[in-house]
Structure formats: structure tokens, C-alpha cells
Amino acid sequence: MPISTAAPPAISFQNVKKTYRGGQLKALDGVTFDIPCGEFFGLLGPNGAGKTTLISVLAGLARATEGRVRVMGHDVVDDYAAARKALGVVPQELVFDPFFSVRETLRIQSGYFGVKNNDVWIDELLTNLGLADKAHANMRQLSGGMKRRVLVAQALVHRPPVIVLDEPTAGVDVELRQTLWQFIARLNKEGHTVLLTTHYLEEAEALCHRIGMLKSGRIVALDRTSQLLARTHSTMLRFKTDAALPPDIAARARVTGRIVQVTAQDAAEVETTLAALRQQGVPVEDLEIGRADLEDVFLEIMKGGQP
Ligand SMILES: Nc1ncnc2c1ncn2[C@@H]1O[C@H](COP(=O)(O)OP(=O)(O)OP(=O)(O)O)[C@@H](O)[C@H]1O
Ligand SMILES: [Mg+2]
């Protein structure tokens, strides 16, 4: 009798490596982690970190050079059909057949997975993704954001237990972002596992139970979102100025146009920072003092610092 009857994780990556250009480029350099069933997991990393490569290996679109990947216990190579059926993938690139209507596109995808008479669910997807009035439109008549909505509907059409979203909100307006996240959060509450990549860190902070950070093909941080946030300097000073910053402050500041953000360990460091600015005659406008967010943690980790 087996001692443990624990269900396999929804997704399991074991020492996944992927090289390109005859081994010169290590897109994935030994990625190992599991995503348990029901989790909402965020995969973050700068451009070129390997996020899409990892998702391509997961979806069977690319073959790992080394390592194993399983979806709901199914190996993505040896048991491809079962692994693929358990997944709904929203790809980063917009790919679609321009000659079909939105409804036809969804019916075809449904048929591909062997799901017949699926119009009730297709209608629910169209409504939830704000596409109901576009059901008969040809794909080529849709705007970029609407095509992305169809890609989301396509990924969900066979009700996969594991949903993978590779930057689903790139180029999507604020209203759809909100409806999309409400819908995905509902599916997650109903038991679907979600793997999300995004460059909108506030989305990841709001939605994800755990977050993994990829840098040059390696996981450099992986923790509960709350734990990652607790790791950072707790206070953030934000202000606007037109003047040059003193070098010691400039070295630890993030500057976007006139907006300056500086982290501080505690209240005393807030005071010394402000005093230094005053002493140097740097005028400070619209000063805000708040908590550091996931973006601060991300930038510190990517700089190679130890938050
Ligand atoms: N088919 C390919 N041939 C050669 N190199 C590739 C290929 N696909 C990806 N790469 C390289 O692998 C690395 C990882 O790319 P990947 O697309 O996974 O990054 P990403 O984290 O998804 O980035 P982004 O945030 O820009 O989407 C990059 O250096 C990229 O140039
Ligand atoms: Mg990508």
C-alpha cells in the first residue's frame, strides 16, 4: 500500500535546461520548482530571462535540452497529449487564423481537444471577456486587445485544470484587465491552478500566492508574495525634483523623469535622507512616504543585492 496518496503538483519543473545556438546561449539553466494544485503562481523576470522559453517547454512547443516537466503528473514529452490537455496556454505572441470568426475559432479549438457541444461555455467565455458582440466578427477585423481576449478564451475553451498566461495584459485596456483578473481569480477559486508571467508587478502582487523570479535562466528568488515583500527595505520616499541629487542618494535612487524614489531602512534613515537633500539645496516637491512594493523587491533582486 502506498504510504502517501498526495496528488502530484499541477506543474513540476525538474532541472530544466534549454540551450540555443549550439549550447552557447543558456535560455534555461537548471530550473527546479513545483506549483501545487490550486495555486496562483507568478513568474517574473526581465526581458530575455527565459519565462516564455519555460512556458514553451511546459506546453510542448519547445523541447528541453535536459530535465523533466510534468503537468498534473503527465510528462510533457512521454505523455504529451494528456499533459497538453490539462493545460490552457495564452501565448505571448498573437497567433490566429484570420479567416475564421471568433465563435468558429473557439469551436475549432474545442474540437481539437475533443470537447463537443460546448456553446454554453463558449458563450460564458465571450460574455466574461467582453467579446459577446464580436462573436461573428472575423479575427482579422479585431483590434490587438480584442485578439488577445480571444487568445484567452481559446486557452480556456476546454476547461483545463491548469491555466498558463504569458503576459496576458500586454496591450490590453484597463477595463479588460479588471474583468480578465476577476474571471481568472474566479477560476482559481474554483480550483484551477494559474501560472502567470507579467511585467505589471502590481498585478502579480495583488494576485499571486507565490512568486518566482527568473534571471538569465535561473530562479533567483521564490517565495510567498508576502514573504518577498517583507524582505525589502520597508520604507520608500517618493518626490519630484528638477535638481541633481547628491551622489550618495543618486546611487540608491530610482529616477523616472522628475520622479525620484529612494528606499530607507527606517524612520531615522528617512530623516537623514531628507536632511541631506535640504543641506544640498535640492528642492523636494510632492513628498510621499510609503511602503516599498514588489517592484522595489524585484529591482533589488535583479541588481543582485540581498534584500
Ligand atoms: N528560438 C530561439 N532561438 C534562439 N534563441 C532564443 C529562442 N527563443 C528564445 N531565445 C533566447 O532565449 C532567451 C530567453 O528568451 P525568452 O523569450 O524565454 O525570454 P522572456 O523571459 O520570455 O522575455 P520577455 O519578457 O521579453 O518576454 C533570450 O536570450 C532569447 O533571445
Ligand atoms: Mg516572454
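Q: How do you know that the span of helix H6 is close to the one expected at 1.5 Å a residue?
A: Helix H6 covers residues 174-189, which is 16 residues, and its first and last C-alpha atoms lie 22 Å apart. The expected span is 1.5 Å times one less than the number of residues, and for H6 this gives 22 Å, to which the computed reach is close. Helices here are DSSP runs of H or I with at least four residues, strands are runs of E with at least two, and both are numbered from the N terminus. The model is predicted: local features need pLDDT of at least 70 and side-chain atom pairs count only at pLDDT 80 or more, while totals for chains, interfaces and linings use all residues. Residues are numbered from 1 along each chain as its sequence is written, and chains are lettered from A and ligands numbered from 1 in the order in which they are written.

Q: What makes the buried residues of H6 lie on the same side of the helix?
A: The buried residues of H6 are Leu180, Ile184 and Leu187. They cover an arc of only 55 degrees around the axis, and therefore they sit on the same side of H6; the arc is that of the directions from the helix axis to the C-beta atoms. The face turned away from the buried side carries exposed residues, among them Glu175, Gln182 and Lys189. The cover over the buried residues of H6 includes helix H5 (144-156), strand E7 (162-166) and strand E8 (193-197). After H6 comes Gly191, with a positive phi near 120 degrees.

Q: Why is Thr53 called buried?
A: A residue is buried if 20 or more other C-beta atoms lie within 10 Å of its own, exposed if 12 or fewer, and partly exposed in between, with C-beta atoms placed from the backbone. Thr53 has 21 other C-beta atoms within 10 Å, so Thr53 is buried. Thr53 is found in helix H1 (residues 51-58). Not counting residues up to four places away in sequence, Thr53 touches Lys18, Ala27, Leu28 and Ala62, where contact requires C-beta atoms, placed from the backbone, within 7 Å.

Q: Why does Leu94 count as partly exposed?
A: Leu94 has 14 C-beta neighbours inside 10 Å and therefore counts as partly exposed. Leu94 lies in the loop between E6 and H3. Gly144, Lys147, Arg148 and Leu151 are touched by Leu94, not counting residues up to four places away in sequence. Leu94 and Lys147 are 53 residues apart in sequence, and their C-alpha atoms are 7.2 Å apart in space.

Q: What makes Thr53 part of the surroundings of ligand 1?
A: A residue is near a molecule if its C-beta atom, placed from the backbone, lies within 6 Å of it, and Thr53 is one of the residues that surround ligand 1, including also Tyr20, Asn47, Lys51 and Gln92. H1 gives the most to this shell, with 3 residues. Strand E2 (25-35) and H1 each supply at least two residues of the shell.

Q: How do the residues of the shell around ligand 1 divide?
A: The shell has 4 nonpolar, 7 polar and 1 charged. Here Ala, Val, Leu, Ile, Met, Phe, Trp, Tyr, Cys and Pro count as nonpolar, Asp, Glu, Lys and Arg as charged, and the others, Gly among them, as polar.

Q: How do you know that the span of H5 agrees with its number of residues?
A: The 13 residues of H5 should span 18 Å at 1.5 Å a residue, and the end C-alpha atoms are 19 Å apart, which agrees. Among the buried residues of H5 are Arg148, Leu151 and Ala153. The buried residues of H5 pack against strand E6 (87-90), helix H3 (102-112), helix H4 (119-128), E7 and H6.

Q: What makes a set of residues a nonpolar core?
A: Such a core is a set of buried Ala, Val, Leu, Ile, Met, Phe, Trp, Tyr and Cys residues joined through C-beta atoms within 7 Å. The largest one has 64 residues, and those with the most contacts inside it are Leu58, Val71, Ala153, Val162, Ile163 and Val164. H5 provides the largest share of this core, 6 residues. Apart from it lies another core of 6 residues, among them Val260 and Ala292. In soluble globular proteins, nonpolar side chains tend to be buried together.

Definitions and conventions:
Contact = placed C-beta atoms within 7 Å.
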